[in-house]
Amino acid sequence: MKKPLQLPVFVVLLILFWIAGCSSSEEKPDVSESEMNAVFKEFDRKDGPGCAVAVVKDGKVIFEKGYGMANLEYDIPVTPATIFDIASVSKQFAGFAVSKLVEEKKISLDDDVRKYLPDVPDFGKKITIRHLVHHTSGLRDWPEALNIAGWRWDEVFSFNDIMNMVRAQKDLDFDPGNHYSYSNTGYNLLAAIVEKVSRQSFRTWTEANIFKPLNMNSSEFQDDYTRLIKNMAYSYSARDKEFVKTPGALTAYGSSSLFTSVEDLSKWVIHFDKEVAAKNPVYLRMLEEGKLNNGETVHYGYGLATGQDRTLKTISHTGGWAGYRTIIRNYPNEKISVIILSNSSDFNPDAYASQVADQFLGKKLKSEGGHADHVKDMTTIKLELGAASKLLGTYQLGPGWAATFTWENSELMVQATGEPKFPVEAKSDSVVWVPAYGASATFVKDADGSFSSLKYRDIIARRITPWSPKASQLSQYAGTYYSEELGTEYKVKLKGDTLAMHHMRNGNIMLTPDATGQDQFASSIGNILFIKDAQQKISGLTVSGGRVKNLKFRKK
């Protein structure tokens, strides 16, 4: 007898969230077109880019419309059939491919990726398909790494460029499974595994297994950026009070590069919901969250992130590349999905998805409020110098990230690493509100009445003695630094009392001393740490950013 399917408790809960058909008098299922037009009035124009919107409820499309222009040069409007690059929203289709191959027993989530892709370096640590699915592999994220290498955002980023970068990687950002770090690179490797196992191109596999069966006739993964795409919205950005073209020749299939419409994505969403309700294991697996080595939950898997919009559960993904901004957000309890695709770089998909949900869910989307909201509404007091002086100083928020509080013209100011100074509103002798951040900070009082740390959001930041090198110390950092991994070099030069680094393609980059540590500098390409040898001479540097850690350059 066939054994019944056993599912983890958290998956069962997600299934219940997904399939529960909760009706409520607080919902507003009948939303007029004029109400939706009011949400998107800023983009309902003939002189600027816009967006296409679809709302799916209970397996049916209940709203669908285009706003603004798909092409400003030929005055072509956006419609529900307009094709957009949906960027990272593409990842769920790579996630589906992996889940289907697992179900067919052609791959295992715990397989070493080198079983299929032997040219991935042996880092001495096993990277599994599961690590790629949940962004826990330690592989560098290609947009940041290739930008450090000299790629510009408006030029060609090919799949081969990404794979060449992986082959050249010397070290992992962290041991696989130790941390979550969003990595587009991991999803490109998933696409490469699909190709290796199926002996088909990823474009061909997805067409045969997803798009054709669902009649998603306008959907295709781009593996050749020169291929024509009919009815495509061009991408735009605002500059000097006008719109300019924002080209992007990207073929990063697996992580990105799916061109499709809201009409087609509605078919995918309806199909996905039906398969989950039918308890199809391929789709149920896509709702599984991950685990770190220490047991912590990773709220991401198979190109889908579990989260919350105010008090409601969500399963969603956003995307952004060139001027495209995209989102699919599902409210599983309410059986509503919001799909928005835009070709304007200033479009905020998360915010507009919430506004659309407001129209259909009414009071069910209640604000949770919180400490920061409470602090904002507290009375602002006049802080005298005596009380303010106890707060002044530098507090480390994280690696290469600090906030410095100063007293200027009888006003408390704060400046975070790489940012301008902003005024601070005192609410008490230990609680402040920073309007520019939309958040509060609470200084933690010691037994002697002094302050040695502060709490900002969920961060406890300790007070530090900032590193501030003298101009005479900066000359030791001058020189040429080469990365074997990226095949590129930077020249560090001292100009007066300012340190700068130069790259042939990235130009001049200013280095600002990082208060959080000796020999550290902040820059537009990441945090720079100069390395000293046993004789205390500078022998190299490392570059670290949000998704790239300790990328090594040796001094020539």
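1. A polar contact is a pair of N or O atoms within 3.5 Å; within protein, one must be able to donate a hydrogen and the other to accept it, and residues adjacent in sequence count only if both atoms are side-chain atoms. On this basis, the Q169 side chain reaches the backbone nitrogen of R140 at 3.3 Å and the backbone oxygen of D171 at 2.8 Å.

2. The model is predicted: local features need pLDDT of at least 70 and side-chain atom pairs count only at pLDDT 80 or more, while totals for chains, interfaces and linings use all residues. Residues are numbered from 1 along each chain as its sequence is written, and side-chain values use heavy atoms, with hydrogens and water left out.

3. Q169 is buried, with a relative accessible area of 3% (buried means under 20%, exposed over 50%, partly exposed in between; 1.4 Å probe, protein chains only). Not counting residues up to four places away in sequence, Q169 touches P121, F123, G138, L139, R140 and E485 (contact means heavy atoms within 4.5 Å).

4. The structure holds 38 aromatic pairs (rings of Phe, Tyr and Trp, its six-membered ring, with centres within 6.5 Å; planes under 30 degrees apart count as stacked, over 60 as edge-to-face and the rest as tilted). The ring centres of Y180 and Y300 are 6.4 Å apart and their planes stand at 50°, so this pair is tilted. Y180 is partly exposed, at 39% relative accessible area, whereas Y300 is buried, at 4%.

5. For F521 and F530, the ring centres are 5.6 Å apart with planes at 90°, so the pair is edge-to-face. Both residues, F521 and F530, are buried.
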